[in-house]
Amino acid sequence: MNIIQKITTVSALALGIALPVSSMAQTTMDHSKMDMSQPAASMTEGEVKKIDLEAGKVTIKHGPIKHMDMPGMTMVFTAKDKALLANVKPGDKVEFMVINEGGKMIVTDLKGAR
Ligand SMILES: [Cu+2]
């Protein structure tokens with residue numbers, strides 16, 4: 001009986017040690033997955049369709065936005081700074097940086113494409 005009790009205790013100890021180790025490995029794997037689904041933001045190519053200086057909005061026919069997993073389309077963006085819209089006009093080919101700020105697409109940089 002004593003031996004069985006010892007074996008039971010050892011098994012419980014082994015389980016107790018094994019569980020935290022495997023959950024730690026799981027956490028590490030999840031972190032690497034998260035990093036991979038969020039590539040660094042980069043400039044997106046597009047063509048200015050319309051500018052609303054008053055509202056600080058710009059309509060851009062844009063190419064794929066990799067860091068947002070968004071295909072090319074024409075859509076309205078909000079300029080972080082209205083001054084960004086002063087240097088471009090409809091028809092211009094541009095490069096711009098866009099970020100998602102609480103579901104709003106904000107253009108933080110906008111310049112004529114070389
Ligand atoms: Cu879009």
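Visitor: In which sense do β4 and strand β5 (residues 104–112) pair, and over how many bridges?

Guide: Two strands are taken to pair if DSSP finds at least two bridges between them, and the elements themselves are DSSP runs, numbered from the N terminus, with at least four residues of H or I for a helix and at least two residues of E for a strand. In this case β4 and strand β5 (residues 104–112) run antiparallel and share eight bridges, and within that pairing Met 97 stands opposite Asp 109 in β5. The two strands form a hairpin with two residues between them, where Gly 102 adopts a positive phi near 60°.

Visitor: What should I know about the model and its numbering before I go further?

Guide: Residues are numbered from 1 along each chain as its sequence is written. The model is predicted, and local features are reported only at pLDDT of at least 70, side-chain atom pairs only at pLDDT 80 or more, while totals for chains, interfaces and linings use all residues.

Visitor: Where is confidence lowest in the protein chain, and where is it highest?

Guide: The scale to read is pLDDT, the predictor's confidence in each residue, which runs from 0 to 100. The protein chain has a mean pLDDT of 82, with 68% of its residues at 70 or more; the lowest confidence falls in helix α1 (residues 2–37), with a mean of 57, and the highest in β2, at 98. Where pLDDT is low, the predicted coordinates should not be read in detail.

Visitor: How many helices and strands are there in the protein chain, and in what order do the elements run from the N terminus on?

Guide: The protein chain holds one helix and five strands, which follow one another as α-β-β-β-β-β from the N terminus on. The five strands close into a barrel, in the order β1-β2-β3-β5-β4 and with mixed pairing. From one strand to the next the twist averages 55°, an angle from 0 to 180 degrees between the N-to-C directions of axes, which are lines fitted to C-alpha atoms (for helices, over the stretch in contact).

Visitor: Which residues form the largest nonpolar core?

Guide: A residue is buried if 20 or more other C-beta atoms, placed from the backbone, lie within 10 Å of its own, exposed if 12 or fewer do, and partly exposed in between; a nonpolar core is then a set of buried Ala, Val, Leu, Ile, Met, Phe, Trp, Tyr and Cys residues joined through C-beta atoms within 7 Å. The largest such core has eleven residues, namely Val 48, Val 58, Ile 60, Ile 65, Phe 77, Ala 79, Val 94, Phe 96, Val 98, Val 107 and Leu 110. At least two of its residues come from each of β2, β3, β4 and β5, and β4 gives the most, with three. Across the 114 residues of the protein chain, 12% are buried.

Visitor: Is Ala 113 buried or exposed, and which residues is Ala 113 in contact with beyond its neighbours in sequence?

Guide: Ala 113 lies in the segment after β5 and counts as exposed because it has 12 C-beta neighbours inside 10 Å. Contact means that two C-beta atoms, placed from the backbone, lie within 7 Å; leaving aside neighbours within four places in sequence, Ala 113 is in contact with Glu 45, Lys 93, Val 94 and Glu 95.

Visitor: Where is Asp 69 placed, and what is its phi?

Guide: Asp 69 is in the loop between β2 and β3, and its phi is near 60°, a positive value in a residue other than glycine. Asp 69 counts as exposed because 10 C-beta neighbours lie inside 10 Å.
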